[in-house]
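Dear colleague,

Please find below the structure that I am handing over to you. My notes on what was found in it follow.

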Amino acid sequence: MKFFNDLPPMDHFRSENMSLVQLIMPVESAQHAVSYLGELGLLQFKDLNGDKSPFQRTFVNQVKRCSEMSRKLRFFADQISKAGVTTYPNPDSEEVIDLEQLEAGRFLGSAQNHLVMAETELVENTYSIKNEDRLSLLEQPEPSKKAGLRFISGIICKSKELIFERMLFRATRGNMFFNQAPAGEQVMDPVSGEMVHKTVFVVFFSGDQARSKILKICQAFGANCYPVPEENNKQKQLTHEVSLRLSELEATLDAGTCHRNKALASIGSQLWNWTIMVKKEKSVYDTLNMLNFDVTKKCLVGEGWCPTFAKPQIKEALHQATIHSNSQVGIIFHDMDSSESPPTYFRTNRFTNAFQEIVDAYGVARFQEANPAVYSVITFPFLFAVMFGDWGHGLCLLFGSLVLILREKKLGSQKLGSFMEIAFGGRYVLLLMAFFSIYCGLIYNEFFSIPFYIFGESAYKCRSTDCSDAQTAGLIKFRDPYPFGVDPKWRGSRSELPFLNSLKMKMSILLGVCQMNLGIILSYFDAKFHGNPLDIQYQFIPQIIFLNSLFGYLALLIVIKWCTGSQADLYHVMIYMFLDPFGNLGENQLFWGQKELQMLLLILAVVAVPWMLFPKPFILKKQHTERFQGRTYGFLGTSEMDLDHEPDSARHQHQEDFNFSEVFVHQMIHSIEFVLGAVSNTASYLRLWALSLAHSELSTVFYEKLLLLAWGYDSIIIRIAGLAVFAFATAFILLMMETLSAFLHALRLHWVEFMNKFYHGDGYKFKPFSFKALADEED
């Protein structure tokens, strides 16, 4: 234990030290101070008005102003999108504008006035045309009383044409003639705004009574009627006038559209800056709504968490805010005491952020709890590579990750799809996965399932000179082992599958035992750091003894068997270690004193279970009883409310909080979970063997049954088709589906088998008030 006590406290592997601070800001400098803190992004404000609704807070009107301005800016963005105007945002513009200037809207106002004038002119023209048409068609003066046919012309939706004709026929009892023709292209319905097909019609009739009925039917069906003179010369004159009016309207619309597009383009160049400015302003007022006024109503009081290292930077930002607001009173910034748990904050960069997000997806660490992300940087891509070991596939992953990394500036400023966004966020994870896949692929000696003689000649040769019996009679060893990785001669031999099965299965157990031991050791450092000797004595020690008495011993047997070349059956050894601990080992004995060692380990494993279960709850109960025994009147001697001198009511409250049965049941569940988990977790690491073997065999099938089979034909078409199918299967099955499968299994091994040994993950994340994330937020 002295060795462990002398080790460093793992400061760099824990979250940052946090401080609860209080700010007392004069009203005139509060907005500047919050803005400067938003630019800094290192202070998380506490909501001191949690009992108030958003409409009861002080700066609700300013928040409404910002929301209204955001709505206007979204309207301009929608208009730019609908008009199809190409804009070039200028984030680096030197123009500085605030909310008041944007609300005054000199530029927006001038541009908007031109648009309004043009739109008003068009509306008035349209309105006059519609009214004129209605007046002339529905209320036109009575025609001359001369006899003869009359007609009404108009346009109607094509879907209403048949019903409209039937209604006219029935209303006039057949005394009419209906003629129609399609209007050509689709036109916009002024009521619904949808594009519909129209039909032009002419109804010939005789008599005023029929005319009145026809007009009412047209009005009921929503048909637009237009006056057409009966004389030919007047018809030509009207056609000419309508053409002139249409050309004038088209010219007006073109001019208005051109002016609108220029105005929208000018607005679009600054729209991004304005949107960010309004978002910042709104976030400032939202933060100010979390603060309280002091009793004099002249200062705003705020509280929040910040990293201890950031306090000098925060003080400097507050000092600058006081200067720029011309305030005569400085901002008070001081530390506060708190009994609540601080938020968790890890400083990450582009490389480590993805690994931290993987851990946070399971649960955010407690304050200054050991951070699994530090170890996952290596263990996660390595365990992935154990299942994905093929240096040909690893090179493909390396190429893809390098493309994402080299183009990260361009891709980081674009809106990506869901899949590409995930791949881009984990580009450095993919990079390490690729490197480790290449490493494990060299160990397995597989390049798209093809072995290569990279590190020299094979240590085996065939029994005959022509190697005709390699598949049946096997190989013979004639020189030293292959220098690195699996000997390529194993490929295609009759012993290939049994050899690789044994190698990968035992290697999986070794890796699993090592990682589980690392998790238990980290629980020791956590207990030491937080000053919990009971967790060290009654959790760490029995857990490390139990795990290594069984599965640590199995790992030792595997290593000894590899080193000695023994033919012992390890399954038999482990089974009869429980069923017949006093029996003779016979051929399964690997070293002297193995039987006695197994008996000792079995006793230690049995003792470790009650060691975990019983002592800790009873010791906690004893400590609690001694803590409050005989102190009924202790609070009379002092006014300090510490643990040793507190009122009787408070003391009884603390005493009632301790529930022995609850503590005992919790400890029993934890002990049973660890004992059963030690077995199931070790078995779970066998997925490394299973997925590695599956990946290798699937790659072999694609190579032999697709590529080699197609290459055996003389037809170039069959060869190209086989190569295309092989490339497709490699890309979409081996490089996508298998990558995702191995990634998820590596994720499970870390979340369940590794992190449950020491990681609680019930903290909450440090979320400072910062302007940096506003650009990516959706309204």
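Contact here means heavy atoms within 4.5 Å. Helices (H or I, at least four residues) and strands (E, at least two) are DSSP runs, numbered from the N terminus. The model is a predicted one, in which local features need pLDDT of at least 70 and side-chain atom pairs count only at pLDDT 80 or more, while totals for chains, interfaces and linings use all residues. Residues are numbered from 1 along each chain as its sequence is written, and side-chain values use heavy atoms, with hydrogens and water left out.

Confidence

The predictor's confidence in each residue is given as pLDDT, from 0 to 100. The chain has a mean pLDDT of 83, and 86% of its residues reach 70 or more. Over residues 107–147 pLDDT stays under 50, and it also stays under 50 over residues 632–655. Where pLDDT is low, the predicted coordinates should not be read in detail.

Helices

Helix 12 (residues 391–406) and helix 24 (residues 716–754) have axes that come within 11 Å and cross at roughly 80°. Helix 12 is therefore roughly perpendicular to helix 24, a term for angles of 65 to 115 degrees. Axes are lines fitted to C-alpha atoms, for helices over the stretch in contact, and angles run from 0 to 180 degrees between N-to-C directions. From helix 12, His 393, Cys 396 and Leu 397 meet Thr 730, Leu 734, Leu 735 and Thr 739 of helix 24. The residues of this contact comprise four nonpolar, three polar and no charged. Nonpolar covers Ala, Val, Leu, Ile, Met, Phe, Trp, Tyr, Cys and Pro; charged covers Asp, Glu, Lys and Arg; the others, Gly among them, are polar.

Helix 16 (residues 496–529) has 34 residues and should span 50 Å at 1.5 Å a residue, which agrees with the 49 Å between its end C-alpha atoms. The expected span is 1.5 Å times one less than the number of residues. Gly 531, with a positive phi near 70°, follows helix 16.

Four strands form an open sheet in the order 4-7-3-8, with antiparallel pairing. Its edge strands, strand 4 (177–182) and strand 8 (224–226), each pair on one side only. Two strands pair if DSSP finds at least two bridges between them. Strand 7 (residues 198–205) is joined to strand 4 by six bridges and to strand 3 by eight. Within strand 7, Thr 199 stands opposite Pro 182, Val 200 is the bridge partner of Ala 181, and Phe 201 stands opposite Gly 154. Helix 7 (residues 208–220) lies across strand 3 (150–157), strand 7 and strand 8, at about 165° to strand 7.

With kind regards

Definitions and conventions: Angles under 35 degrees count as roughly parallel, over 145 as roughly antiparallel, 65 to 115 as roughly perpendicular and the rest as oblique.
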